[in-house]
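Please keep the sequence and the structure open while reading.

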Amino acid sequence: MEPPHLDGELLKDEASRQAAAVDFGNLVHNVPIGVLRPGSTADVGRILRWMGDEGKQVTPQGERHSVYGRSQVDGGVVVDMSGRKDVHSVERDRIVVDAGAKWSDVLDAALQEGLTPPVLTEYLELSVGGTIVVGGVGGTTWRYGTQSDTVLELEVVTGDGRVITCSPDREPRLFDAMRAGLGQVGIISRATLSLTPAQDSARRYQLIYGDLDTMLADQRVLLREGRWDYLQGAAVPGEAGGWTYLVDGSKLFSGADAPDDDALLAGLSDDRAQAQIGTFPYSDYAYRFAPLEKSLRSNGHWFHPHPWLATFIGDSAAQSVLAAELDLLSMADLGTYGRVLIFPLRTRSIRSPLMRLPAEEVSFAFNLLRFPVTDSEEAANAMVKANRAIYERVRAAGGTLNPVSAFPMSTEEWRTHFGSRWDGLCTAKELYDPKHVLTPGYEVF
Ligand SMILES: Cc1cc2nc3c(=O)[nH]c(=O)nc-3n(C[C@H](O)[C@H](O)[C@H](O)COP(=O)(O)OP(=O)(O)OC[C@H]3O[C@@H](n4cnc5c(N)ncnc54)[C@H](O)[C@@H]3O)c2cc1C
């Protein structure tokens, strides 16, 4: 069947199709029959209806930072949203953007008005649509929730091609299915996101610890007291084995209102002689991942496979699970630039219904950011296998998956993952994407 009339273009050349089969993970490569560069929101609906009639599938792509082919489709059409990135308006408490905008676009536009999104991912070159459908966790998530919790309204093209605006008060079922819903029922075309006043500067604290228990204890204190604004941390592998533990966060401030280091560090048990403490313009702080990206691109590691794993562990099991898993890991499993992110969250701050966290007051993010030093497929596949084993141990200890992870999942496992929310997601699927056209890369349906 002939494609429908389009305002944009449907690319069918080999180079465009092959490019759409590569993501940051570089582990899975599914080649589409075409790549739509939509010229309008209506184009997205036209392609979805056309593919539905043809019995084929569609997936949107933002910045292709998925790690396991989640934004790919074999024999269907990719909708490349990266060109749909206009900033439509910035008001006192909100910004309206096309869903292909990156968080760097959102931040830059907001900062011009002295504003900022309350939650930013550590890396800002991710698309708004691509993070809303997975949640989007950052250094202020402990307080404000995920990026998907800061969404006020979405314009969505549903799997059956309708354009629907949804919010907590308008089509709430669709709104809840889109936020952290892995893009199973619609493609976000436009998003209205919360903004808050931006501070000028960040006082950054990078505190070093010799052991896991002390680091976790201090992270719990910082979380409980809400002392800092950003709160993250990591275990960094040493070349000779062993780990260095890091609590990394900041207090934001403006003008001469500099934070009181003594008060912000009181009672903490880090090795203070090794601490790195400094003041940075807020924008530089928000872009703190950029120098690492530059290094990884220049030494080629950015283009290697990235079998990342992201999970959440309840506080009660955190110490034992983390200690056991770190015992099994070394620099060889993570790469010279790799690290294990470990940081606490107030579970109740995360409100998007499809974001699954352990049923405890405090949870810890436990993420393996693997940057292998080779592009060996065999080594990468072994890490994918290891990811599954780690996830199973985390799950057995009451933990949950953050879906931005590299290993295959069956429908049955997603059912278990979504738990009491599974039926609601299935109902939304039947209502908004009855022909199951959308986003097969997550293997949910
Ligand atoms: C270097 C790096 C750093 C990261 N840091 C963080 C971090 O700090 N916190 C965090 O939470 N995550 C982080 N991530 C993970 C990242 O948030 C997810 O992989 C995210 O899904 C990427 O979005 P994307 O648009 O770049 O990727 P894509 O691969 O293009 O898309 C990701 C998913 O979203 C879907 N999608 C894309 N656009 C839309 C749309 N408009 N409507 C509906 N669905 C859509 C795709 O189909 C796919 O399933 C990081 C990833 C990388 C590579």
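The model is predicted, so local features need pLDDT of at least 70 and side-chain atom pairs count only at pLDDT 80 or more, while totals for chains, interfaces and linings use all residues. Residues are numbered from 1 along each chain as its sequence is written, and side-chain values use heavy atoms, with hydrogens and water left out.

Gln184 sits in the loop between helix H6 (172–178) and S10. Helices (H or I, at least four residues) and strands (E, at least two) are DSSP runs, numbered from the N terminus. A polar atom of the Gln184 side chain is 2.8 Å from the backbone oxygen of Leu182. The backbone oxygen of Thr439 is 3.2 Å from a polar atom of the Gln184 side chain. A polar contact is a pair of N or O atoms within 3.5 Å; within protein, one must be able to donate a hydrogen and the other to accept it, and residues adjacent in sequence count only if both atoms are side-chain atoms.

Thr439 belongs to the segment after H15. With a relative accessible area of 5%, Thr439 is buried. Its phi is positive, about 45 degrees, although Thr439 is not a glycine.

Glu171 is another residue other than glycine with a positive phi, near 50 degrees. Glu171 is placed in the loop between strand S9 (163–166) and H6, and is partly exposed at a relative accessible area of 35%.

## The ligand site

The ligand is surrounded by 34 residues, and the closest are Pro60, Gly62, Ser66, Ser127 and Val137. By residue class, the shell divides into 16 nonpolar, 14 polar and 4 charged. Here Ala, Val, Leu, Ile, Met, Phe, Trp, Tyr, Cys and Pro count as nonpolar, Asp, Glu, Lys and Arg as charged, and the others, Gly among them, as polar.

Strand S3 (58–61), helix H4 (128–132) and strand S10 (186–194) each supply at least two residues of the shell. Domain 1 (83–197) and domain 2 (201–401) each contribute at least three residues to the shell; the domain bounds come from an automatic or database domain assignment.

An oxygen atom of the ligand is 2.8 Å from a polar backbone atom of Arg64. For Val137, the distance from a polar backbone atom to an oxygen atom of the ligand is 2.7 Å. At Ile188, a polar backbone atom is 2.9 Å from a nitrogen atom of the ligand. Taken alone the ligand exposes 960 Å², and the protein buries 95% of that; the accessible areas come from the Shrake-Rupley method with a 1.4 Å probe, and for residues only the protein chains shown count as cover.

## Salt bridges

How many salt bridges does a search of the whole structure find? The search finds 23, where a salt bridge is a side-chain nitrogen of Lys or Arg within 4 Å of a carboxyl oxygen of Asp or Glu. Some of them are listed here.

| Asp53 | Lys435 | 3.0 Å |

Arg220 is partly exposed, with a relative accessible area of 26%, and Asp315 is partly exposed at 22%. Shared partners in salt bridges also join Asp7, Asp43 and Arg46 into one network.

Asp53 and Lys435 are both exposed. Arg203, in contrast, counts as buried at 18% relative accessibility.

## Asp375

Asp375 is in the loop between strand S18 (362–369) and helix H13 (377–396). Its relative accessible area is 56%, so Asp375 is exposed. Asp375 and Pro305 are 70 residues apart in sequence, and their C-alpha atoms are 6.1 Å apart in space.

Definitions and conventions: Buried means under 20% relative accessible area, exposed over 50%, partly exposed in between (1.4 Å probe, protein chains only). A residue is near a molecule or strand if one of its heavy atoms lies within 4 Å of it.
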